[in-house]
Amino acid sequence: MVYVGDRFVAEDEATLSIFDRGLLFGDSIYEVTAVIGGRMIDNDLHLARLAQSLGELGIRMPLPREAIVGVQMELIARNRLDEGVVYLQVTRGVADRNFAYADDLEPTFFAFSQAKNLLNAASVRDGVRIAVVDDQRWARRDIKTTMLLAQVQAKRIAAERGCQEAWMVEDGLVTEGASSTAYIVTADGRIVTRPNSRAILPGCTRRAVLAVAKRLDLVIEESPFTVEEAVNAQEAFLTSASSLVTPVIEISGRAIGDGKPGSVTRLLQRTYLDLALSNQAAAQ
């Protein structure tokens with residue numbers, strides 16, 4: 001079951017207009033929330049970012065926040081989703097194709113769930129290999145738009161190189177992953193990740209994991225790093241809603257540390273999940 005047109009329908013009955021601006025121009029925003037044990041993880045952060053992204057583009061929220069949560073929970077219930085993700089997308093709406101748009105368009109809102117193995121995925125357990133590619137995206141990467149062609153191509157290049165993710169580079173510095181936030185752990189134990197700006201998406205899992213790191217009294221340094229610094233790091237990892245905290249064991253064919261998930265990464269994995277699940281249990 002999916003949600004579209006203000007109602008829940010079977011996925012093969014869902015329809016959208018070919019004149020929707022999300023389809024024609026990528027004029028739309030999306031969010032993905034992880035679900036574990038039937039409960040959503042960090043959903044407040046995702047809905048706050050949804051509102052922020054829509055505001056940056058001047059698109060109205062399609063429903064009050066509480067109603068959106070209701071749609072998400074109903075999708076989880078109707079699809080008996082125990083582990084996976086809930087996907088939301090809001091487009092500017094439907095109109096004859098024209099670069100210009102009216103200010104009173106009615107947003108299109110649809111949502112669906114996907115079952116995924118999050119906790120016991122091989123990538124989370126064993127780590128992933130990273131390809132390095134040029135960052136060819138637009139300048140407002142802090143807005144979570146569906147204009148993802150550059151990321152699609154980066155993922156394709158990564159797959160061709162036998163890798164599971166791509167880290168994008170601009171002006172000699174790593175920006176972020178094609179669908180994740182990038183981190184390294186230095187020899188002296190500092191967790192380094194790029195600071196939020198228009199150059200990267202402000203990751204919701206990033207925000208939650210950095211809060212966990214502070215709780216554990218780990219040293220966090222928000223600064224850019226080079227590919228060379230990454231391959232010489234003691235550890236590396238990535239975060240996203242659908243990959244949680246995932247170890248990075250190789251970058252551009254060079255092993256990170258001893259080529260196995262590191263102790264800092266493992267500590268963050270365990271603590272993040274423990275806190276996220278306990279918080280959700282208390283809330284629900």
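1. A residue counts as buried when its relative accessible area is under 20%, and as exposed when that area is over 50%. The model is a predicted one, and these cut-offs are applied to it throughout the points below.

2. The cysteines come first. C163 has a relative accessible area of 12% and is therefore buried. C204 also falls under the cut-off, because its relative accessibility is 5%. How many disulfides does a search of the whole structure find? The search returns 0. A disulfide, in general, is a covalent bond between the sulfur atoms of two cysteines.

3. Helix 2, residues 43–57, packs with helix 3, residues 65–78, at an angle of about 125°, and the two axes are 11 Å apart. On the side of helix 2 the contact is made by N43, D44, L47, A48 and L50, and on the side of helix 3 by R65, I68, V69 and Q72. Sorted by class, the residues in this contact are 5 nonpolar, 2 polar and 2 charged.

4. Helix 2 also meets helix 6, which covers residues 204–215; here the axes come within 9 Å and cross at roughly 135°. Helix 2 is therefore oblique to helix 6. The crossing of helix 2 and helix 6 is right-handed. Which residues make this contact? From helix 2 they are L45, H46 and R49, and from helix 6 they are C204, R207 and A208. By class, the contact of helix 2 with helix 6 has 3 nonpolar, 1 polar and 2 charged residues. C204, listed here on the side of helix 6, is the cysteine given above as buried at 5% relative accessibility.

5. T205 is another residue of helix 6. Is T205 buried or exposed? With a relative accessible area of 3%, T205 is buried. Leaving aside neighbours within four places in sequence, T205 is in contact with D42, T239, S240, A241, L244 and Y272. The C-alpha atoms of T205 and T181 are separated by 8.6 Å, and the two residues are 24 residues apart along the chain.

6. V264 belongs to helix 8, which spans residues 263–283. Its relative accessibility is 15%, so V264 counts as buried. If residues up to four places away in sequence are not counted, V264 touches V185, I191, L218 and E235. Between the C-alpha atoms of V264 and L88, which are 176 residues apart along the chain, the separation is 32 Å.

7. Two backbone angles deserve a careful look, given that most residues other than glycine have a negative phi. R80 has a phi near 50°, a positive value in a residue other than glycine. R80 is located in the loop between helix 3 and strand 5, the latter being residues 83–91, and its relative accessible area of 76% makes R80 exposed. For D171, phi is near 55°, again a positive value in a residue other than glycine. The loop that holds D171 runs between strand 8 (165–170) and strand 9 (173–177), and D171 is exposed, with a relative accessible area of 74%.

8. Two further loop residues complete the note. A100 lies in the loop between strand 5 and strand 6, the latter being residues 108–115, and its relative accessible area of 54% makes A100 exposed. A100 and V185 are 85 residues apart along the chain, and their C-alpha atoms are separated by 46 Å. G253 sits in the loop between strand 14 (244–251) and strand 15 (254–255), and G253 is exposed, with a relative accessible area of 54%.

Terms used. Residues are numbered from 1 along each chain as its sequence is written. This is a predicted model: local features need pLDDT of at least 70, side-chain atom pairs count only at pLDDT 80 or more; totals for chains, interfaces and linings use all residues. Side-chain values use heavy atoms; hydrogens and water are left out. Axes are lines fitted to C-alpha atoms, for helices over the stretch in contact, and angles run from 0 to 180 degrees between N-to-C directions. Helices (H or I, at least four residues) and strands (E, at least two) are DSSP runs, numbered from the N terminus. Contact means heavy atoms within 4.5 Å. Ala, Val, Leu, Ile, Met, Phe, Trp, Tyr, Cys and Pro count as nonpolar, Asp, Glu, Lys and Arg as charged, and the others, Gly among them, as polar. Buried means under 20% relative accessible area, exposed over 50%, partly exposed in between (1.4 Å probe, protein chains only). A disulfide is a pair of cysteine sulfur atoms within 2.5 Å. Angles under 35 degrees count as roughly parallel, over 145 as roughly antiparallel, 65 to 115 as roughly perpendicular and the rest as oblique. A crossing is left-handed if the near helix is turned anticlockwise from the far one by less than a right angle, and right-handed if clockwise.
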